[in-house]
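Hi,

Here is the structure I said I would pass on.

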Amino acid sequence: MAIDPSMEPMLEVFIYESTSLLEQLDEILLEAEKSKSFSDDNINEIFRTMHTIKGSSAMMEFTGISTLAHAVEDVFFILREDSSRLGSVGEQLFDLVFQASDFLKTEIESVQNSGEANKDPSAMIAELKHLASIMRGEAPAAAAPDAAPADAGSQPPPSGDPDMVRIRVFFEDGCQMENIRAFMLISQLKELCDKLESIPANPESDSTCCSEIIKNGLLLDLKPSGSLDDVIHSIENAVNIKTYEIVEDAAAPSAKAAEASAPAAGGEPAAAKPAAAPASPAASTPAAAAAGKVKQSLVSVNQAKLDQLMDLVGEIVTSESMVVGNPELRGLKLDNFHKSARELRKLTDELQDVVMSIRMVPLSGVFQRMNRIVRDMCKKLDKDVDLVTEGGDTEVDKTINEAIGDPFMHMIRNSMDHGIELPEVRLQKGKPAKGRVTLAAKNIGGEIVITISDDGQGLDTAVLMKKARENGLLTKPESEYTDKEIFGFIMLPGFSTNKEVTEFSGRGVGMDVVRQNLEKVGGTLSIDSKRGEGTTFIIKIPLTLAIVDGMELAVGNSVFTLPITSIKQSFKLSDGGQLVTDTDGSEMIMLRGQCYPLIRLHQIFGIDTQVTDLADGIIMQIENSEKVACIFADELLGEQQVVVKPFPKFLAKYEIKQMGLSGCTILGDGSISLILDANNLLSSYR
Amino acid sequence: MSIDTKNVAEDALADLRGRYLTFFIDNTCYGIELLYISEIIGIQPITHIPGLPAYFKGIINLRGKVAPIIDVRLKLGQEERAYDDKTCIIMVNISDMQVGLIVDMVADVVSMDDALRNPPPDSGARTGDRYLSSIANVAGKVVLNIDCEKFFQSDLRPY
């Protein structure tokens, strides 16, 4: 089924909306499953979610999606009537609804990729129906709302009431606001009728039913209090009415009428209409209208545009530096120019902050998905595991947020499958039967540090070593390998310790892919493990797209950028301070009674420079949360805002970051400056 | 329409196949398959990065993108020499990454069909030889064709 090009923008909205709804659904289900019951709010929320999906997918003509959503809706319809019925099905319901949610997700994904959704949900629907019939009691009596499929055909005017008349009204083409006009008409007619129902119901509260009214007309089921002619007369006199017809044979209305039927069924006494299903796809119901009301004033933007905006801001910052720091201006007295330049700088700063904040999203979404994975795996593996998440409100760039979803999933699966033992085994080992996987995120000094730890069995270095030996991965004598290096083996392609390939892991591609995905966004992965106590994966992701304020330092012919946030102070040796050499020959600076280690940039980076005497150069005192040190450079060139670029991927093999360089940046004159990383400098050169 | 574009792309690829860019290191002529090459630029300021093997000269700013640069002489285990106005940087695409190769002089683009190219002799030890995919004789000139995959293998994964 190809998508009509004119539907394209709607398709995007459909995908976006459905995806976020399904995510919400998962959240609610998980919560409900934990407490083993649904609150009224939850039931209503799920009902609304399914209803919206049903409606919009039917509008987009994805019948598979809409019928499945409909079946789920039916189940929750029963629950809404009487939530105690959950008891009769319990867990089964959760499983099935989760399955349905997954099915919908994959379908929507396939819509996104190929514009088609062709999978057949009938098996799942059958199960849902079965479930619904159990919930209704063994014999689904006429008193219970029937969960018959949407195409149950017509909705006859309630039988047994021969006075009921069905009238179909069409409004003039292009008269607009059909829903409001329908409402006006209905209120006019109400005075003349004993009973009046309209399809769609409550048109005034939902503008989306306009198209429905245009297409199928407004259906009115009414019982005139006087003569029918009065009613007809009133319709004739109403404004903007194009045509009307009295639908004589209510038993065989057109297919269109069936499609538009019965939104009101949910609110009607079910006993009156055993055959009426809460069906209508595109038509709206009160529930859908309510969902519409809570819409926030959000705009969804194509990410490519955001990327472009970010790049542009980066360029603006660079060219601003180029203008303000232009060598041709040197020596000129330009008071006004500098005043304006400062103003410009302030604005670009603000612009930058706004753009950055647009791109930032909290990690909680990714964390939420992990909850789901843990839940599913617990069931399948017969393990009992709690997922504890911390720092879900930590914000990261959107691209990073997307890139880390898969790696997280792999790592959590690994932890669950290989790490956490079966409950019996855990009890034997004196651990609580319930395992625990902790997912924690923190923002530390411009880096996001995420740890995924489990309290499982830990990595067995002996097994890893053996496996590495078998695969011929060893490059030096076994005794020389540190634990950390041995743990590193699991990140090599094709390395798996699981003897059997399971559904979840064991093919040995996982950790390799994890590492690669993380490296794509400039992240690093390290592993820490203690036999018997658990394994911790530590992920560090730099804020790659950041723009930082930096001090330009010259060393020989090279220019380095030191982020201002890590600078404590800068001084010349002559200003006070004293060089001290300890017994190992390492240099230290004594400053106001405190000793700080000295790092000579030209020495550690092997750069030729004339300035080797401390008195000639400049000393910058740098700090992180733990340590303070002094670095020595030739000259301070000035302050500049720079756009951080990661080092080329090609160099990923070489651990440049360990050298104390976090990235590079292009300066106003087109030359490249390397950005110093205070954290690594402080930890690697003591 | 998509079939057409696919054909065009395939034709373009087929056009490049079998054609080599030749360049000189001293008096030896080397070739690189044109398929890998994105452009040739003049020598420009290179920012040195500490902690890399010596043949990595550093990184350059290529129109806002940062690309690493390798000196082919050093990679092939030969003496470094000062750059002159004939020195060029050949930008190569490998595994979706860009790398620049510094060579003494770029010579020509030549077509070589399979008949012209012979597998390199198995001489073993010398650095440089293990990077070759074939040796060709084009119009009396010997061209040593470099296999890009092999050439960069030690810099790419797996470790």
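**Chain B at a glance**

Going from the N terminus, chain B's elements follow the order α-β-β-β-β-β-α-β-β-β-β-β-β-α. That gives three helices and eleven strands; both are DSSP runs numbered from the N terminus, helices being H or I with at least four residues and strands E with at least two.

Before you go on, keep in mind that this is a predicted model, where local features need pLDDT of at least 70, side-chain atom pairs count only at pLDDT 80 or more, and totals for chains, interfaces and linings use all residues. Residues are numbered from 1 along each chain as its sequence is written, chains are lettered from A and ligands numbered from 1 in the order in which they are written, and side-chain values use heavy atoms, with hydrogens and water left out.

Of chain B's 159 residues, 45% count as buried. Buried here means under 20% relative accessible area, exposed means over 50%, and partly exposed is in between (1.4 Å probe, protein chains only). Among the contacts in chain B with a separation of 6 or more, 50% are between residues 24 or more positions apart; a contact means heavy atoms within 4.5 Å.

Is Ile60(B) buried or exposed? Its relative accessibility is 0%, so Ile60(B) counts as buried. Apart from neighbours within four places in sequence, its contacts include Ile41(B), Val66(B) and, over in chain A, Ile672(A). Pro45(B) is 15 residues away from Ile60(B) in sequence, yet their C-alpha atoms are 6.8 Å apart.

**Where the chains meet**

On chain A, 21 residues are in contact with 26 residues of chain B. The area buried between the two chains is about 2,200 Å², and carbon and sulfur atoms give 72% of that. (Buried area is the accessible area, with a 1.4 Å probe, that two parts lose on being put together, summed over both.) Phe650(A), Tyr654(A) and Ile672(A) supply 34% of what chain A buries against chain B, more than any other three residues. There are zero salt bridges between chain A and chain B, a salt bridge being a side-chain nitrogen of Lys or Arg within 4 Å of a carboxyl oxygen of Asp or Glu.

**Salt bridges elsewhere**

Over all chains, the count is 24 salt bridges. In one of them, the side chains of Asp26(A) and Arg372(A) meet at 3.1 Å, N to O. Asp26(A) is in helix H1 (residues 8-35) and Arg372(A) in helix H13 (residues 364-381) of chain A, so this pair ties together parts 346 residues apart in sequence. Asp26(A) counts as buried at 8% relative accessibility, and Arg372(A) is buried too, at 7%.

In chain B, Arg73(B) and Asp104(B) form a salt bridge at 2.4 Å, N to O. Arg73(B) is in helix H2 (residues 72-75), while Asp104(B) is in the loop between strands S7 (97-103) and S8 (105-111), 31 residues apart. Both residues are buried. For another pair, look at Arg81(B) and Asp84(B), with 3.0 Å from N to O. Arg81(B) counts as partly exposed at 30% relative accessibility, and Asp84(B) is partly exposed at 31%.

Cheers
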